[in-house]
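Morning, everyone. I have one structure to walk through today. Here it comes on the screen.

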Amino acid sequence: MTYTPEKPPLPVSTEELRQRIPGWGVDLDPKDRPSFPREQFDPGATGAHWDFPERQEEKWPREMSIEHKFLTPVFGTSAPPKLLSGVMRKYAYKRFSEARAAHWLILLASDRVDAIESHIGSLLTGHPDNIVKETGILSEFSHHGISSRLRQKRADLTHLPLDPLIVAAPWIAAGYGAIAGVRAVKRALGRS
């Protein structure tokens with residue numbers, strides 16, 4: 001069983017695997033493996049005072065991979081699922097295996113959605129993000145950022161001209177969208 005000191009049995013015998021898969025088991029002989037002394041089964045050598053770790057308390061239903069029978073004994077709680085990004089994460093874990101690209105693509109998309117949700121939340125609280133400080137643009141001028149790049153053969157020199165565009169373009173597009181939205185609302189109200 002997982003999370004216990006016992007090594008799980010192989011579903012198929014080593015002889016069957018050796019016949020079916022060419023080259024399987026070439027490192028079964030301990031002489032051929034430099035890591036063999038560390039693989040000796042000695043439960044007392046770990047210093048653990050438990051056979052199975054204590055289970056952490058669940059404060060909300062956690063996402064769990066469909067490959068596992070139960071939730072891991074310890075898990076992160078720093079970022080509970082919320083809003084649309086939380087729904088996307090739960091869907092990725094409930095529907096797709098961790099071996100599928102769809103699982104990870106949905107998780108990546110949910111991270112982007114979470115970032116957008118956080119930006120909107122900061123705007124709604126009246127304390128919007130300070131993009132100038134958070135992107136570190138000012139440190140480029142106060143800590144010799146540009147001159148340190150120009151004197152060396154650095155890999156990031158090729159995308160140096162693109163950095164302001166990558167950082168600023170989404171904010172400019174969002175500002176333009178907000179202005180266009182306000183103008184559209186004013187026009188719609190003026191007609192009625």
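Start at Leu83, which is placed in helix H2. Helices here are DSSP runs of H or I with at least four residues, strands are E runs with at least two, and both are numbered from the N terminus. Leu83 has a phi near 50°, a positive value in a residue other than glycine. Is Leu83 buried or exposed? It is exposed, because its relative accessible area is 61%. The cut-offs: buried is under 20% relative accessible area, exposed is over 50%, and partly exposed is in between, with a 1.4 Å probe and protein chains only.

A word on the source. This is a predicted model, where local features need pLDDT of at least 70, side-chain atom pairs count only at pLDDT 80 or more, and totals for chains, interfaces and linings use all residues. Residues are numbered from 1 along each chain as its sequence is written, and side-chain values use heavy atoms, with hydrogens and water left out.

Now the whole protein. It has seven helices and zero strands. Along the sequence the pattern reads α-α-α-α-α-α-α. Of the 192 residues, 15% are buried. Take the contacts (heavy atoms within 4.5 Å) with a separation of 6 or more: residues 24 or more positions apart account for 41% of them.

Back to H2. Helix H2 covers residues 83-95, helix H3 covers residues 101-124, and their axes come within 8 Å and cross at roughly 170°. That makes H2 roughly antiparallel to H3. Axes are lines fitted to C-alpha atoms, for helices over the stretch in contact, with angles from 0 to 180 degrees between N-to-C directions. Under 35 degrees is roughly parallel, over 145 roughly antiparallel, 65 to 115 roughly perpendicular, and the rest oblique.

Which residues meet? On the H2 side they include Leu84, Met88 and Tyr91; on the H3 side, Ile106, Leu107 and Val113 are among them. The residues of this contact divide into ten nonpolar, three polar and four charged. Nonpolar means Ala, Val, Leu, Ile, Met, Phe, Trp, Tyr, Cys and Pro; charged means Asp, Glu, Lys and Arg; the others, Gly among them, are polar.

Last stop, the rings. The structure holds one aromatic pair. The ring centres of Tyr91 and Phe96 are 5.9 Å apart and the planes sit at 85°, so the pair is edge-to-face. The rule for rings of Phe, Tyr and Trp (its six-membered ring): centres within 6.5 Å, with planes under 30 degrees apart stacked, over 60 edge-to-face, and the rest tilted. Tyr91 is partly exposed at 44% relative accessibility. Phe96 is buried at 11%.
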